[in-house]
Amino acid sequence: MSFISFIRSATTNSLVQLYQQKFSEKDFQINETKPEFTGDYTIVLFALVKSLKKSPEALGKELGEYLLKNYPVFFSGYNVIKGFLNLEIEETQLTDFLQKNHNDVSFGKMPSNHQTIMVEYSSPNTNKPLHLGHLRNIFLGWSVAEILKANGNKVIKTSIVNDRGIHICKSMIAWQMFANGATPGSVQEKGDHFVGDYYVKFNEEYKKEVTQLMNDGKPKEESEKEAPIMKKTQKMLLDWEKGKPDVRELWKTMNGWVYRGFDETYKRIGADFDHTFYESNTYLLGKDFVQEGLQKNILFKKEDGSVWIDLTDVGLDEKLVLRGDGTSVYITQDIGLAKQKFEEYHLDKSIYVVGDEQLYHIKVLKEILLKLGMLFADDIFHLSYGMVELTSGKMKSREGTVVDADDIVDEMVATAEKHTQELGKVKDFTKEELQELYETLGLGAMKFYLLRVDPKKRMIFNPEESIDFHGFTGPFVQYTYARIQSILRKVGDEESGISFEVSGLSNLLPLERELIIFLEKYPNIIWDAGNEMDPSIIANYVFNLAKLYNSFYAEHSVANAENEEKKHFRLQLSVMSAMVIKSGLRLLGIKVPERM
RNA sequence: GGCCCCGUAGCUCAGUGGAUAGAGCAACAGCCUUCUAAGCUGUGGGUCGCACGUUCGAGUCGUGCCGGGGUCACCA
């Protein structure tokens, strides 16, 4: 039981005893005591004052007195200021807590709750490489999945690869036209970048042809339709759908190049998936439900044969669910895939990590599912996040204004190398150890930067300014961990191990108290982050923990503590701080270095 | 135009209806003969977009405006 929940139940019990009135959790608040007052936790009395018909001062005094008398093992003091009852926690509670948990690596994690949750994230197209926006999606999805695991859920990480459609054919046509049989191997380029280059070439050629046609006097719209390269591409899409062998073969080959490129990036940034769905396998799903919906008169057909659903009763529009020629639209397959996910994996929840530009789309999807009688729609959650924009505006792959994922990671790693070299603290590292450190720090800075803000806020990235390594950053937190490891290495030579009993300690210093109380909150933080599906809660916590530890570090020595007892105590405090930092950063996908 | 999100220090952001609104960056001033200075300590910097309302109490809740963004495709 956490400190705060203990105080809560002790308070409700006391109120029953004192005033014969039963209050629930919502009837009063317990906050952390502000630093300018003495105490650890504060009961806000105003809400109780009314129904108890007492003055805040009298109530505070009576309640404080009662708590102190009846829970003497837990409380050591109280004071009342205005309507606030500040409570001090007995020191042995703090040292016992530290003694018990400082070495428990599963501290903060919940036991299984027998819930299964699917988290779908990343979900790229196979015609171009990943960019900064994908990184936000990937880090967010991965982190939320891990946070949900820590809360006791079974989590299945998935990705739906958008591997078919007109955009893929564009790259294929351009390759046929311009590549002369080149492959990623023959030109020494990563497969996804290689294919992406042909997507760019397609657009260049297309633009050229449209301009030519317009110069010949054709109107814009007509020129766009009749550009030869576009006509070829459309024919290729039809051939693909018919299963024409040479088209399928080329499609397989080029997608294979892209997948190898993606896998390389995923591996480097630490993304992993339990299952991957491919749109080429799922795009026909959902057609059955359209038929069913038509029979039940939930859907209706227009004259041209296209099928629609009327959502005006829930404040949305009429939406197309099947084209006139019987082919699927995006939402058609989404209906089928959603059902398949829930049935195959017996999900309690399905989370879609998708940009906030698709809020409407997913809302529509859920409404359609509900109308078709698929009640699991209520267990679909859209974890939406804001777009990453540049100072120069939106990223547009067609205009080449994207920040490439591999490039930005390279840059971050290079920056880590530069800082490390300047400081010169790890000159004895081998080449491999150095490279590993640069990756740890560069990716740490990158991930922390993208995860420390509320997911739903859009963020503006300035490519001119490199991401910081000081202050509210990944490397700051990593640095704190490395410092603690340094202490443990040093003291570890003198002590054989760190498991010892600390007893009879008294007079904890303010920073020591604060640190323990801060560490004790970690399980609640994980719970909040899971509940909100928000890794920024973890990032903020872990940063504040590091800051607090650094203050402690600057003020007090561990190795040269006043006496042995104090030294052991501070070692425990340091071990636990390091452990929680490592655990919290791991939930963000960030590794910690032993030295930096 | 309808619906959704955002608006807090020069910049980037925290802030479960509670005490004098907090961090980081940037600026300035200090701190390495003592466990890693990627650090610590301090100073300056605010009409919490605006106006009403609810409440003992509003940055937080409600309504209406203003500003920014998204979306309302037989695109994904």
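The legends below describe close-up views of a predicted model. Local features need pLDDT of at least 70 and side-chain atom pairs count only at pLDDT 80 or more, while totals for chains, interfaces and linings use all residues. Residues are numbered from 1 along each chain as its sequence is written, and chains are lettered from A and ligands numbered from 1 in the order in which they are written.

**View 1. An open sheet of four strands.** The strand order is β1-β2-β4-β3, with antiparallel pairing (strands are DSSP runs of E, at least two residues, and helices runs of H or I, at least four, numbered from the N terminus; two strands pair if DSSP finds at least two bridges between them). Because β1 (29-32) and β3 (75-81) each have a single partner strand, one side of each is left without a neighbour in the sheet. Strands β2 (residues 41-44) and β4 (residues 84-89) are joined by four bridges, and V44 stands opposite F84 in β4.

**View 2. The buried residues of helix α4 (residues 91-101).** These are L94, T95, L98 and N101 (buried: 20 or more other C-beta atoms within 10 Å of the residue's own, with C-beta atoms placed from the backbone). They fall within an arc of 150° seen down the axis of α4, so they line one face of the helix (the arc is that of the directions from the helix axis to the C-beta atoms).

**View 3. The surface near RNA strand B.** RNA strand B is surrounded by 70 residues, and the closest are F46, D454, G471, Y479 and S486 (near: C-beta atom, placed from the backbone, within 6 Å). Helix α18 (residues 474-494) gives the largest share of this surface, eight residues.

Methods:
Buried ≥ 20, exposed ≤ 12 C-beta atoms within 10 Å, placed from the backbone.
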